[in-house]
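Open the model in your viewer and keep the selection tool at hand. This tour tells you what to pick next and what is there.

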Amino acid sequence: MSSISSQPRFVTNPKSRKLEPHHSPMAVCSYPPRVFTSSQPGTRPRLSGRVDPTVPVHGLSSLILRFPPNFVRQLSTKARRNCSNIGVAQIVAASWSNNNPNSGVSAAPSATAVDAAATAAISVDPAQISGGDEVAVFENGVQLGEALPLKEASFLSSDGSLAIHAGERLGRGIVTDAITTPVVNTSAYFFKKTADLIDFKEKRATSFEYGRYGNPTTVVVEEKISALEGAESTMILASGMCACTVMLMALVPAGGYIVTTTDCYRKTRIFIETILPKMGITATIIDPADVGALETALDEHKVSLFFTESPTNPFLRCVDIKLVSELCHKKGALVCIDGTFATPLNQKALALGADLVVHSATKFIGGHNDVLAGCISGSMKLISEIRTLHHVLGGALNPNAAYLIIRGMKTLHLRVQQQNSTALRMAKILEAHPKVAHVYYPGLPSHPEHQLAKRQMTGFGGVVSFEIDGDLMRTIKFVDALKIPYIAPSFGGCESIVDQPAIMSYWDLSQPDRIKYGIKDNLVRFSFGVEDFEDLKADILQALETI
């Protein structure tokens, strides 16, 4: 201990309110690094200096935290979020050894100490930084500022920047100096010794433990979507339907009651009408704009959840999210909005009052027609409840798919801007065309919820539905005459996609049964990609000329 007794530690100068060197038996280092240690072998090293919680921290410069190689999977959710969301420190792996003479540490830090240090130091909350935490502190050119709320501390002011950098540039739980996030292909996570496993089982340490329960690559996706949605937590799953079904089963009790809307994705309706009743769950189905029907259902039943899309599929109806959230919350019901058609850029369902927002990340979020995924965002409490069931049922997203989502989100704002613009311009052209009977698009004044959409959306999306002035065969002729879009059952990607819902989604039903859902034979759903507007316009107009 004599060799390090003269090394300084940092304490708060009450006059300057800055951390300044102070000599003590605790060791702090300049670069090359020397490590904090304790005066007694086997005792717990402590964070250098107690910071007075009443004094703001300023000028705490050039500090870097160094932990054992497996520390990432041991961090708590709170610590991971702080790592991902606040760019105030870099956390890197180090080579630790019980007998490393250069480190000055008699033993590697425990998981609980690592977690406490990460949570305290990374969030830079002076009230949380205290002694008793094993951590090595290094100078490495990283400036730590005063603790601020995330929105104030972040240097990213737009959704576009968040889509690129959240979960990555602001810190990620993967040790690398690569610009892109690595794909962690593993089915399980090991424990160095049995004592570490027992710490985990008794909740003194954290770990993904098994690939179905989490992955560092998928966490980056979750952090990005949370940042865009303004959510406490996000869970990524194998598909949008997986997200919807797990959410419904987790939050609606056996014998419970839900309310949903007439216009929705058909597979969601099938699950609600055929699978949930086997659990004793009943549903009332209302028009998206029928607030009175919602109030009646809330008065007559103990409703657990109101679940709807906004905009809906395929008629792009919009639900007053703020109003329905207020009505449902008064009766103790939750609100979940499927915002797939809107994207997190065009609509902030949580900010409008919803408890949860679901997306098929296959669509606009992934944006390249090359990956399946779904996500649910909301409060930590609700997402944790859903995650518990998800861990039982499976449906975990493969980390390679997570990487494709991360890659796709880099251009989300650029794609959505282009798709919003193209869709609105083409909707106006289609509405004025003599061979088009009707256009469904919330950006048009003729849309029944146009004023509502203007209030709660910043863009109207990249999908336009319309009815050809003709029958099934005339509509088929129009679709087949198109040269740019693919005939396919998805939307939201770089490539334009077109389909006839009567054939693509409802062909197993008779025409009268299709009409019950509003699906006419002449209905077309067109998902605009990022192709040049003039090319798309010319293609659609030439196809209309063929009929």
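**Stop one: H447**

Select H447, in the loop between β15 (436–440) and α15 (450–456). Helices (H or I, at least four residues) and strands (E, at least two) are DSSP runs, numbered from the N terminus. The model is predicted: local features need pLDDT of at least 70, side-chain atom pairs count only at pLDDT 80 or more, and totals for chains, interfaces and linings use all residues. Residues are numbered from 1 along each chain as its sequence is written, and side-chain values use heavy atoms, with hydrogens and water left out.

Is H447 buried or exposed? H447 counts as buried because its relative accessibility is 6%. Buried means under 20% relative accessible area, exposed over 50%, and partly exposed in between (1.4 Å probe, protein chains only).

Now show the side chain of H447. It reaches the backbone oxygen of L316 at 2.7 Å. Setting aside neighbours within four places in sequence, H447 is in contact with F315, L316, R317, C318, Y440, Y441 and P442. Contact means heavy atoms within 4.5 Å.

**Stop two: E467**

Move to strand β16 (residues 463–468) and pick E467. At 5% relative accessibility, E467 counts as buried. Which side chain does the side chain of E467 meet in a polar contact? The partner is Y440, at 2.7 Å. A polar contact is a pair of N or O atoms within 3.5 Å; within protein, one must be able to donate a hydrogen and the other to accept it, and residues adjacent in sequence count only if both atoms are side-chain atoms. Y440 is also among the contacts of H447. Beyond four places in sequence, E467 is in contact with residues including V436, A437, H438 and K520.

**Stop three: two helices**

Colour α7 (residues 240–251) and α12 (residues 380–393). They pack at an angle of about 110°, with their axes 9 Å apart. Axes are lines fitted to C-alpha atoms, for helices over the stretch in contact, and angles run from 0 to 180 degrees between N-to-C directions. α7 and α12 are therefore roughly perpendicular to each other; that label covers 65 to 115 degrees.

Show the side chains between them. V246, M247, M249, A250 and L251 of α7 meet L382, E385, I386, L389, H390 and L393 of α12. By class, this contact has 9 nonpolar, 1 polar and 1 charged residues. Ala, Val, Leu, Ile, Met, Phe, Trp, Tyr, Cys and Pro count as nonpolar, Asp, Glu, Lys and Arg as charged, and the others, Gly among them, as polar.

**Stop four: backbone details**

Go to the loop between β11 (303–309) and α10 (321–330), where P311 lies. A cis peptide bond joins S310 and P311, with omega about -5°. P314 lies in the loop between β11 and α10 too. A cis peptide bond joins N313 and P314, with omega about 10°.

Next, select E209, in the loop between α5 (194–201) and α6 (216–229). Its phi is positive, about 70°, although E209 is not a glycine. N369 sits in the loop between β13 (356–360) and β14 (374–378). Phi of N369 is near 55°, a positive value in a residue other than glycine.

**Last stop: the whole chain**

Zoom out. The protein chain has 19 helices and 19 strands. Buried residues make up 54% of its 547 residues.

Technical notes
Angles under 35 degrees count as roughly parallel, over 145 as roughly antiparallel, 65 to 115 as roughly perpendicular and the rest as oblique.
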